[in-house]
Amino acid sequence: MAREANFQRHKARLEAAKRHATWAGWLDELPLKELMACGAVPKMRADAKNKPRLVEACLRFFGVASPDEWRNLYAGMHVAFRRSREDQSDVGAISAWLRLGEQQAEKLDGPKYDRARFEKALVAIRALTREQPQVFEPKLRSLLQDAGVLLVLVPAIPRAHVSGVARWLSPTRPLIQLSLYGKTNDKFWFSFFHEAAHILLHANSPEDKKSIFLDDPNAAHTTDPREHEANTWAGNCLIPEQHASTLAKLRTKRKAEEFAQAIGIHPGIVVGRLQHDGYIEPSWMNDLKQSFSLEASACAQPACAGSSGS
């Protein structure tokens, strides 16, 4: 009986290897280099001998039984893009980045989502924009966790062109995933509050919670009204609408810093808004911005962190 069991296992492995060999073309759709750098799949040459093993490793990483199941799961997701051309999307890169976030989120625990606590947390988080990353990151995570919102930081995969995503892993488990694409604090914080807006404003039904709002920082425009609404909400959260009329008068660094101090945010965010709204040139006042790289534990190896695409 033991020999028969061993034989059947060996036979199953051989059959699986043959099956995986026929699926080797699927690997061309995936960002293998980045997944190897992250440790998500073993490092090896992608030659004919190793491709069946790589197929097996990628199936295990995505938690699917076949490339067709992967396509149905990821390519079939309802994804709302904030980008100028939807044909820029690379499903392989996007799905890998999303899966890395899912794996981080699976390790996190906490209460169910509480909208009132989330709204209260966002008020406190806005004040954290003035802090250094080593100060604000643990506080940010704690405030979100208490409100039942998951936060994961995953280095960008170049072909994904992603700044952040808002999605619901279950009806009571919202996730904000950020890539640090751009790495300056004005972009980071706007991306965060933009994703927060999707969770607050665009999850009013079970069908809404099936949507994945995947945002591209280089998008010139979008026709999706939900993206416009999230942009407006994030902008008004960081710089309340009643103060917006003052922006046109901020023509010096000193005035920008004084304005930021008065409304309780980091001056780099003010500079980013001035540049975005066309009040100053993109090259002006950039020394008031803060550049940083938060720890992104899904891909801890330096090689992966260096592939952020920024």
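1. In this predicted model, Phe 62 is buried, with a relative accessibility of 2%. Trp 26 is likewise assigned as buried, at 2% relative accessibility.

2. The rings of Trp 26 and Phe 62 form one of the 12 aromatic pairs in the structure. Their centres are 6.2 Å apart and their planes meet at 55°, so this pair is classed as tilted. Trp 26 belongs to the loop between helix H1 (2-22) and helix H2 (32-38), whereas Phe 62 belongs to helix H3 (residues 51-62); the contact therefore ties together parts that are 36 residues apart in sequence.

3. Trp 26 also pairs with Trp 70, with ring centres 5.7 Å apart and planes at 65°, so the geometry is edge-to-face. Because Trp 70 lies in helix H4 (residues 67-75) and Trp 26 in the loop between H1 and H2, this pair ties together parts that are 44 residues apart in sequence. Both Trp 26 and Trp 70 are buried.

4. Elsewhere, ring pairs join Phe 136, Phe 188, Trp 189, Phe 192 and Phe 193 into a cluster.

5. With regard to cysteines, the structure contains zero disulfides. Cys 58 is buried, at a relative accessible area of 0%. Cys 237, with 18% relative accessibility, also counts as buried, because the cut-off for that class is under 20%.

Conventions
Residues are numbered from 1 along each chain as its sequence is written. This is a predicted model: local features need pLDDT of at least 70, side-chain atom pairs count only at pLDDT 80 or more; totals for chains, interfaces and linings use all residues. Side-chain values use heavy atoms; hydrogens and water are left out. A disulfide is a pair of cysteine sulfur atoms within 2.5 Å. Buried means under 20% relative accessible area, exposed over 50%, partly exposed in between (1.4 Å probe, protein chains only). Rings of Phe, Tyr and Trp (its six-membered ring) pair if their centres lie within 6.5 Å; planes under 30 degrees apart count as stacked, over 60 as edge-to-face and the rest as tilted. Helices (H or I, at least four residues) and strands (E, at least two) are DSSP runs, numbered from the N terminus.
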